[in-house]
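Here are my notes for you on this model, written point by point. Keep the structure open while you read, and look up each residue as you get to it.

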Amino acid sequence: MSGPSYVVRVAEDAADREACFAVRKEVFVGEQGVPEELEYDTYDADAVHVLAVREDGVPLGTGRLLRDGPSVGVLGRLAVTPKARGLGVGAVLVRAIEDAARARGLGAMELHAQTHAVGFYERLGYEAYGSEYLEAGIPHRGMRRVLG
């Protein structure tokens, strides 16, 4: 998938994964104050990481896909660097993660959205459910979408 001046792909190697982690550190740890020990977890080893990079190789955004049972994917750790916001990177990352889920036979996606991002996910077809809760000290809502 490509956008105006960036490409989005499944992380192909260790360098891509490090770029994904660097974006997460900038956004979640640096910008939002999430403790580093909470940001990186054992799920990273088994996750499918997706990376958005500028044509010159500068990382712009990331997200990951986990499996929850035989048919549900969990979209998480979606982050876009401040300079890349407004370019459509987040939406392209979500669609790439959904494509990766479909390729693995998954029929639905779930995610834990920061409450300020609920509208973003709703525009992409996700529906909120349940009450607001705190995760890493940040308000969240559960959301899901059946993949077509």
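This is a predicted model: local features need pLDDT of at least 70, side-chain atom pairs count only at pLDDT 80 or more; totals for chains, interfaces and linings use all residues.

1. Now zoom out. What does the secondary structure come to? Walking from the N terminus, the order of the elements is β-α-α-β-β-β-α-β-α-β-β. The radius of gyration is 14 Å, close to the 15 Å that the globule rule gives for 148 residues, so the protein is as compact as a globular protein of that length.

2. A few overall values go with that picture. The C-alpha trace spans about 40 × 35 × 30 Å along its principal axes. Of the 148 residues, 45% count as buried. If you take the contacts with a separation of 6 or more, 59% of them are between residues 24 or more positions apart.

3. Next, have a look at helix H1, residues 14-31. At 1.5 Å a residue, its 18 residues should span 26 Å, and the end C-alpha atoms are 24 Å apart, which agrees. Where does H1 bend? Find Lys 25: the helix bends there by about 30°.

4. Both ends of H1 deserve a glance. At its start, a side-chain oxygen of Asp 13 comes to within 3.2 Å of the backbone nitrogen of Ala 15. Just after the helix, Gly 33 has a positive phi of about 75°.

5. Which residues of H1 are buried? They are Asp 16, Ala 19, Cys 20, Phe 21, Val 23, Arg 24, Val 27, Phe 28 and Val 29. The cover over them includes strand S1 (6-10), helix H2 (36-39), strand S2 (48-54), strand S3 (59-68), strand S4 (72-80) and strand S5 (108-114).

6. Arg 24 leads us back to salt bridges. It pairs with Asp 44, the closest N and O atoms being 2.8 Å apart. Asp 44 lies in the loop between H2 and S2, while Arg 24 is in helix H1, so the pair ties together parts that are 20 residues apart in sequence. Buried or exposed? Arg 24 is buried, with a relative accessible area of 1%, and Asp 44 counts as buried at 5%.

7. That pair belongs to a network of salt bridges, in which Arg 24, Glu 39, Asp 41, Asp 44, Arg 64 and Arg 77 are linked. How many salt bridges are there? The count comes to 15. Another of them joins the side chains of Arg 54 and Asp 56, at 2.6 Å from N to O. Here Arg 54 counts as partly exposed, at 35% relative accessibility, and Asp 56 as exposed, at 54%.

8. Now for some backbone angles. Most residues other than glycine have a negative phi. Arg 77, in strand S4, has a positive phi near 55° and is not a glycine. Ala 136 also has a positive phi, of about 55°, although it is not a glycine. You'll find Ala 136 in the loop between strand S6 (127-135) and strand S7 (138-146). With a relative accessible area of 41%, Ala 136 is partly exposed.

9. Last stop: His 140, which is in strand S7. It counts as buried, at 5% relative accessibility. What does its side chain reach? The backbone oxygen of Ile 138, at 2.7 Å. Leaving aside residues up to four places away in sequence, His 140 touches His 112, Ala 113, Gln 114, Thr 115, Ser 131, Glu 132, Tyr 133 and Glu 135.

Key: Residues are numbered from 1 along each chain as its sequence is written. Side-chain values use heavy atoms; hydrogens and water are left out. Helices (H or I, at least four residues) and strands (E, at least two) are DSSP runs, numbered from the N terminus. The expected span of a helix is 1.5 Å times one less than its number of residues. The bend at a residue is the angle between axes fitted to the seven residues ending there and the seven starting there. Buried means under 20% relative accessible area, exposed over 50%, partly exposed in between (1.4 Å probe, protein chains only). Contact means heavy atoms within 4.5 Å. A polar contact is a pair of N or O atoms within 3.5 Å; within protein, one must be able to donate a hydrogen and the other to accept it, and residues adjacent in sequence count only if both atoms are side-chain atoms. A salt bridge is a side-chain nitrogen of Lys or Arg within 4 Å of a carboxyl oxygen of Asp or Glu. The radius of gyration is taken over C-alpha atoms; the globule rule is 2.2 Å times the number of residues to the power 0.38.
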